[in-house]
Amino acid sequence: MSFSDKVVLITGASSGIGAGTAIAFAKEGASLVLVARTLLNLEQTKYECECVAIKNTPDPLLIPADLTIESDVERIISKTIKTFGKLDVLVNNAGANRYHTIENCSLPDFDFVINTNLRAPYHLTTIAIPYLEKTKGNIVNISSIAGTRPYTNANTYCASKAALDQFTRCSAVELASKGIRVNAISPGLIVTNFQLASGMDPEFYEKYIKGTKDSYPLGRAGEPEDVADAVVFMASDKAKYITGVVLPVDGGKSCYVDSERKMSFTGKVVLVTGASSGIGAGIAIAFAKEGASLALTARNSANLEKTKKDCLAVALKGIPDPFLITADLLIEDDIVKIITETINKFGKLDVLVNNAGANRYQNIQNLSLADYDFTLNLNLRAPYQLTNLAIPYLEKTQGNIVNISSISGTRPFSHANAYGAAKAGLDQFTRCTAVELAPKKIRVNAISPGLIISNFQKSAGMSDEDYAKYIEGTKQSYPLGRPGEPEDVAEAVIFIASEKAKFITGVVLPVDGEMSFYGKVVVITGASSGIGAATALAFTKEKASVVLVGRSIENLQKTKERCFTELSRESHEPLIIVADLTLDTDVQKVIDETVSKFNGIDVLVNCAGIGLYKSIEDTSMEQYDHVMRVNMRAPYLLTKLAIPHLALTKGNIVNVSSIMSFRGFLNVNAYSTSKAAMDQFAKCTALELAPKKIRVNVVNPGFTTGNFQKSAGVSEEAYNAIVEASKESYPLGRAGDPEDVAEAILFLASDKAKFITGVVLPVDGGKSCQCPQRRKIALINCTINLNQNTGETIE
């Protein structure tokens with residue numbers, strides 16, 4: 001990753017990540033421009049860079065400057081160009097925080113943080129563009145995981161970093177046509193003076209660092225070098241097909257589910273109204289699975305007993321039986337009884353679910369005032385009174401309220417006039433109550449279901465015929481083509497009532513030098529062609545002992561012959577293993593033969609994959625099963641079998657996914673589904689294996705040239721059309737090459753990425769951060785049976 005003859009400008013270079021980044025670029029032969037406010041500290045960074053710099057590299061240019069002063073920003077660029085005549089890389093690293101809550105942060109402090117973290121990078125970028133365009137250079141912004149995770153005492157900082165992330169993506173799209181790449185690095189907690197300089201208490205900072213042993217999957221805080229290695233990679237030609245990406249360097253923190261944020265309700269008391277059937281019963285059962293102590297209320301005692309039985313069937317051991325309260329919510333004394341008996345029984349209340357509701361299926365002309373009163377009192381007055389009575393107890397437990405509303409509160413439906421009005425009232429009641437009770441630390445939210453399969457409509461007076469038509473109509477009128485189930489609503493309630501939603505209220509329901517792998521054993525599946533073959537060649541160049549896995553012995557031999565041209569004297573001859581990864585015995589053979597030959601495994605690259613260009617309607621279950629077995633089940637089993645060997649070497653895994661895992665495309669349903677599963681599998685596995693020091697990451701290629709598409713059924717004509725279209729549809733103006741993806745895999749598998757785990761890295765020329773362009777595009781049907789241009793257009 002040599003940067004000889006490259007000019008790299010780094011802001012905030014006097015200490016921490018900036019100094020670490022400067023030293024890393026110095027090792028790579030870069031001509032450096034170091035910017036910061038303090039000249040004395042810049043001199044120290046300059047000395048450290050000169051100690052590791054390659055001979056004949058110019059001394060670093062030091063520019064003391066204040067990035068909040070426009071003339072200083074302009075002087076940085078002009079002096080850089082005057083001294084070196086060009087600019088190749090801009091690293092916007094300078095940052096600041098003020099460790100205050102929003103109440104204690106003054107507007108001057110707010111302006112300082114926003115101007116340093118966002119406005120300065122924006123201004124520097126705009127001035128640097130003409131020079132970066134001439135060199136086809138790139139920009140790396142240093143952001144923070146605070147841009148995606150809420151933290152206390154860092155409100156403005158978090159907001160500035162979220163803005164910097166989006167600025168990165170938008171700039172990547174805008175500058176791609178000029179050949180300028182723009183990416184960001186998003187560090188977690190890094191051991192520097194940043195926090196202390198921001199005003200964090202030294203004692204708290206020490207606890208914060210120690211806490212990373214438990215709160216960070218890799219069991220430690222990061223070092224400036226961890227971030228610097230990622231910056232050097234992103235700025236290098238090895239990342240020439242990566243733009244618009246925000247790369248977390250956080251020891252897996254960004255995909256970590258904090259222990260205190262699990263959804264267990266053990267020890268929590270949950271009161272559910274209308275619990276005798278439908279959504280209420282579904283909610284009760286869901287809370288029972290999570291260990292909650294339940295108070296269930298409804299008018300029908302027999303149906304409550306049935307719900308109780310269903311809850312006991314799934315409840316955790318040692319949890320009290322559900323407490324049943326037969327009550328009519330239209331009677332004020334019964335509402336008082338519900339709260340009183342719940343407190344007498346359990347001594348507290350943590351969650352109130354106002355679920356009970358009713359409708360009268362009549363239009364305004366036929367709805368009596370008595371039915372109007374009934375509908376308003378049950379859907380709005382009763383939740384109001386229950387909430388009022390529950391407040392003192394919820395304040396003690398810092399609990400929360402979930403109101404079950406309806407889309408009828410925001411959409412007009414015939415024969416639901418009073419019901420719609422009641423639910424609109426409940427929605428606004430939710431918002432107002434959330435504001436009022438926030439100082440008491442009581443959260444209030446609402447779930448707004450659409451049509452849910454239950455007896456609700458019929459009990460409201462809807463005829464069997466109308467109900468059947470209503471259900472059938474959801475196949476066309478609902479995007480998912482079906483009505484909801486009580487369980488769908490229950491899962492949403494569980495989430496919104498849990499600590500996972502503790503920041504939600506008032507809502508009515510989203511690496512060493514040359515990266516040598518000398519002595520390392522790398523297993524690569526799908527190595528017979530395309531990305532797999534390119535990856536094998538890349539690892540061989542870095543002196544790895546590679547294991548080539550595929551179905552075709554002929555194609556594997558071709559890959560082996562290509563690897564031979566790159567073999568060093570110290571390297572082993574590539575081992576070929578012919579295997580069908582849909583066979584469990586063959587998967588086991590891959591691990592057994594590798595360990596027998598090399599006595600271990602250091603890196604597993606799950607690259608083998610199969611595409612299927614068919615819609616869900618045209619895909620048989622056999623075809624679906626085959627795609628899932630190759631793309632998801634085989635990597636799962638290979639990973640499972642490789643764990644004991646990777647644990648011994650503290651190795652890592654790189655899975656090859658696709659941007660189709662998070663973007664919707666036509667006629668690739670099964671393939672996209674399998675890749676989405678692989679992404680989440682990688683994240684969860686990263687968490688599980690972090691204690692064993694095994695890292696797990698994913699690369700997500702966009703359209704990459706090769707035979708993959710053709711083997712999946714794309715005609716030569718359609719394939720060529722896609723390659724041509726990528727000149728317009730991809731921000732970097734071309735389709736990817738297998739080598740682009742191989743370089744990213746090499747980086748993630750190397751020690752340069754030793755503090756990166758659980759990351760999904762798009763290698764897609766900026767496609768994943770691009771909004772669809774508003775223009776008509778000729779669609780080419782890429783199915784096996786129909787490959788002609790249909791002439792169909794979309795906007």
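## Terms and basis

A crossing of two helices is called right-handed if the near helix is turned clockwise from the far one by less than a right angle, and left-handed if anticlockwise. Helices (H or I, at least four residues) and strands (E, at least two) are DSSP runs, numbered from the N terminus.

The model is predicted: local features need pLDDT of at least 70, side-chain atom pairs count only at pLDDT 80 or more, and totals for chains, interfaces and linings use all residues. Residues are numbered from 1 along each chain as its sequence is written, and side-chain values use heavy atoms, with hydrogens and water left out.

## The pair α17 and α18

Helix α17 (residues 530–541) packs against helix α18 (residues 553–564) at an angle of about 25°, and their axes are 9 Å apart. Axes here are lines fitted to C-alpha atoms, for helices over the stretch in contact, and angles run from 0 to 180 degrees between N-to-C directions. The angle makes α17 roughly parallel to α18; under 35 degrees counts as roughly parallel, over 145 as roughly antiparallel, 65 to 115 as roughly perpendicular and the rest as oblique. The crossing of these two helices, α17 and α18, is right-handed.

On the α17 side, the contact (heavy atoms within 4.5 Å) is formed by A533, A536, L537 and T540, which meet T559, R562 and C563 of α18. By class, four of the residues in this contact of α17 with α18 are nonpolar, two are polar and one is charged. Ala, Val, Leu, Ile, Met, Phe, Trp, Tyr, Cys and Pro count as nonpolar, Asp, Glu, Lys and Arg as charged, and the others, Gly among them, as polar.

## The pair α12 and α13

Helix α12 (residues 369–397) and helix α13 (residues 417–437) have axes 8 Å apart and pack at an angle of about 15°. The two helices, α12 and α13, are therefore roughly parallel to each other, and α12 passes α13 in a right-handed crossing.

Residues of α12 in the contact include Y372, L376, L380, Y384 and I391, while those of α13 include Y419, L426, F429 and L437. The contact of α12 with α13 has 12 nonpolar, five polar and one charged residues.

## Helix α1

The 12 residues of helix α1 (residues 16–27) should span 16 Å at 1.5 Å a residue, and the end C-alpha atoms are 17 Å apart, which agrees. The expected span is 1.5 Å times one less than the number of residues.

Helix α1 is mostly covered, with 10 of its 12 residues buried. Buried means under 20% relative accessible area, exposed over 50%, and partly exposed in between (1.4 Å probe, protein chains only). Among the buried residues of α1 are I17, I23 and F25. The buried residues pack against β1 (7–11), β2 (31–36), α2 (39–52), β4 (89–92), β6 (181–187) and α8 (224–235). Just after α1, G29 takes a positive phi of about 85°.

## Individual residues

N56, in the loop between α2 and β3 (61–64), has a positive phi near 70° although the residue is not glycine. N56 is exposed, with a relative accessible area of 82%. K693, in the loop between α21 (669–689) and β19 (695–701), is another non-glycine residue with a positive phi, near 65°. K693 counts as partly exposed at 35% relative accessibility.

N720 lies in helix α23 (residues 716–729) and counts as partly exposed at 40% relative accessibility. N720 and T705 are 15 residues apart in sequence and, C-alpha to C-alpha, 9.8 Å apart in space.
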